[in-house]
Amino acid sequence: QRARMYRIEELRRAMEGSLVPSYAKDMEERADEMPSVSIMQVPAEKLREQERAAEEARLEEHRLLAERQRRRLENVVVKESEGKDRVETEEKAAEARVKEERERAVAVERSRQRQSRAAIRQGREEVEKGMRKQSERLRKDAGVLEVDKGGSLLLLSSWKMSAALSRAPQPIKIQLRSLRGAKDRLQRGHYVLLVSMVERVGGQKLKWSGAGTDHCVARSRPKQHLGRFFDLGLSFEEHIFLLAPPRVDARPGMCLQFELVQCKSRLVNEDRCVGWAVFPLFGTQREVLDGKFKTPLLRGAVESWSLDQHRGVELALRQGLQNWIGNLYFRVSTMSRYVHGSKERALRLQHTSDLLGFERAPDELSVSQAP
């Protein structure tokens with residue numbers, strides 16, 4: 001306790017001996033140097049006047065803004081009205097131009113129709129005049145058609161010719177275009193396309209007893225296929241010829257049969273059929289189909305499929321694309337028939353020439369052989 005009192009006494013003596021700055025004197029000196037601030041009382045009336053003036057200034061500013069906005073809206077309305085008027089004027093002008101062009105086109109079309117009718121009428125008159133002259137010449141040269149004593153018409157030769165033509169085979173020309181979509185579905189090698197006529201799908205092949213095999217089965221030239229995925233297919237671009245049955249012997253099931261044969265090579269020991277397709281030969285009126293067609297090729301030989309209808313081919317393709325090789329594109333066109341070594345057109349012309357009393361033209365009737 002005595003040591004603590006002794007320590008306190010030492011601290012008191014040290015504080016009395018130290019210099020303590022006089023803050024009050026320092027503040028008085030600095031106050032003389034600082035600017036003076038005067039505090040005075042403002043009357044309440046003056047404050048209210050100042051507030052009223054400020055409020056009037058704000059109201060005036062808002063009024064000016066409202067007036068400016070109103071003038072801007074009026075300008076927008078005026079411009080919108082002017083734009084509507086301009087658009088209506090342009091629409092009316094466009095309608096007037098369209099109407100004028102339509103009237104001009106109608107006038108041109110009417111003029112063209114009048115000219116066409118005049119030309120048709122003139123042509124009809126010329127044809128009728130020529131027919132009257134020809135009829136008078138025929139009546140003068142050949143007389144009037146009568147019935148002979150045997151009871152048959154004098155045009156019996158025309159019936160005989162028609163009967164002979166109705167039994168004559170119909171030559172057709174098949175233009176083989178291409179086989180598309182084969183790619184790597186076919187192996188590398190050379191391929192030949194055989195075309196024949198069959199009695200029905202999957203049936204027996206048709207052949208002429210005296211025409212030889214060339215008119216029953218036609219074949220293309222060998223075409224090479226590399227069998228890569230970017231080799232799209234085979235391009236044939238050649239014509240082959242067949243003798244189709246006449247209309248009187250036509251049957252609904254008869255069709256063309258296409259067989260794709262891979263030629264013998266070091267990779268294949270013998271020729272083999274790798275794909276086949278069928279296509280109808282006759283239409284609904286028993287006429288040979290004429291036009292451009294395409295048909296899908298099934299994989300394998302004809303004997304490996306037990307199909308007898310075109311619906312079976314469609315079902316086989318629906319089962320999976322592994323049965324499909326590609327699409328064959330071709331064109332079928334009919335040619336002139338032959339009777340006793342003479343063309344159909346030449347026979348008809350000769351019959352007409354005989355009726356008219358013209359001289360016989362044997363050079364037009366004689367042909368070397370049918371294609």
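Arg58 and Glu55 sit three residues apart in helix H3, about one turn of the helix. Their side chains meet in a salt bridge, 2.1 Å from N to O. A salt bridge here is a side-chain nitrogen of Lys or Arg within 4 Å of a carboxyl oxygen of Asp or Glu. The model is predicted: local features need pLDDT of at least 70, side-chain atom pairs count only at pLDDT 80 or more, and totals for chains, interfaces and linings use all residues. Residues are numbered from 1 along each chain as its sequence is written, and side-chain values use heavy atoms, leaving out hydrogens and water.

**Salt bridges**
- The whole structure holds 14 salt bridges.
- Arg58 is partly exposed at 42% relative accessibility, and Glu55 is partly exposed at 36%. (Buried means under 20% relative accessible area, exposed over 50%, partly exposed in between, with a 1.4 Å probe and protein chains only.)
- Glu60 and Arg63 also pair, at 2.2 Å from N to O. They are three residues apart in helix H3, so about one helical turn separates them.
- Glu60 is partly exposed at 36%; Arg63 is partly exposed at 46%.
- Arg228 bridges to Asp231, with the closest N and O atoms 2.9 Å apart. Arg228 is partly exposed at 36%, whereas Asp231 is buried at 14%.

**Charged surface patches**
- Arg110, Arg114, Arg117, Arg121 and Arg124 gather in a positive patch on the surface. Arg121 belongs to helix H3, residues 44–142, and is partly exposed at 44% relative accessibility.
- Glu82, Asp85, Glu88, Glu90, Glu91 and Glu95 form a negative surface patch. Glu82 lies in helix H3 and is partly exposed at 47%.
- Patch residues have over 30% relative accessible area and no salt bridge; like charges are joined within 9 Å. Lys and Arg count as positive, Asp and Glu as negative; His and the chain ends are not counted. A charge is placed at NZ of Lys, CZ of Arg, CG of Asp or CD of Glu.

**Whole chain**
- The protein chain has seven helices and eleven strands. These are DSSP runs: helices (H or I) of at least four residues, strands (E) of at least two, numbered from the N terminus.
- Of its 371 residues, 25% count as buried.
- The chain exposes about 28000 Å², with carbon and sulfur atoms supplying 52% of it. Areas come from the Shrake-Rupley method with a 1.4 Å probe.
- Among contacts (heavy atoms within 4.5 Å) with a separation of 6 or more, 73% join residues 24 or more positions apart.

How values were computed
Patch = residues over 30% accessible without salt bridge, like charges linked within 9 Å, V, L, I, M, F, W, Y side chains within 5 Å.
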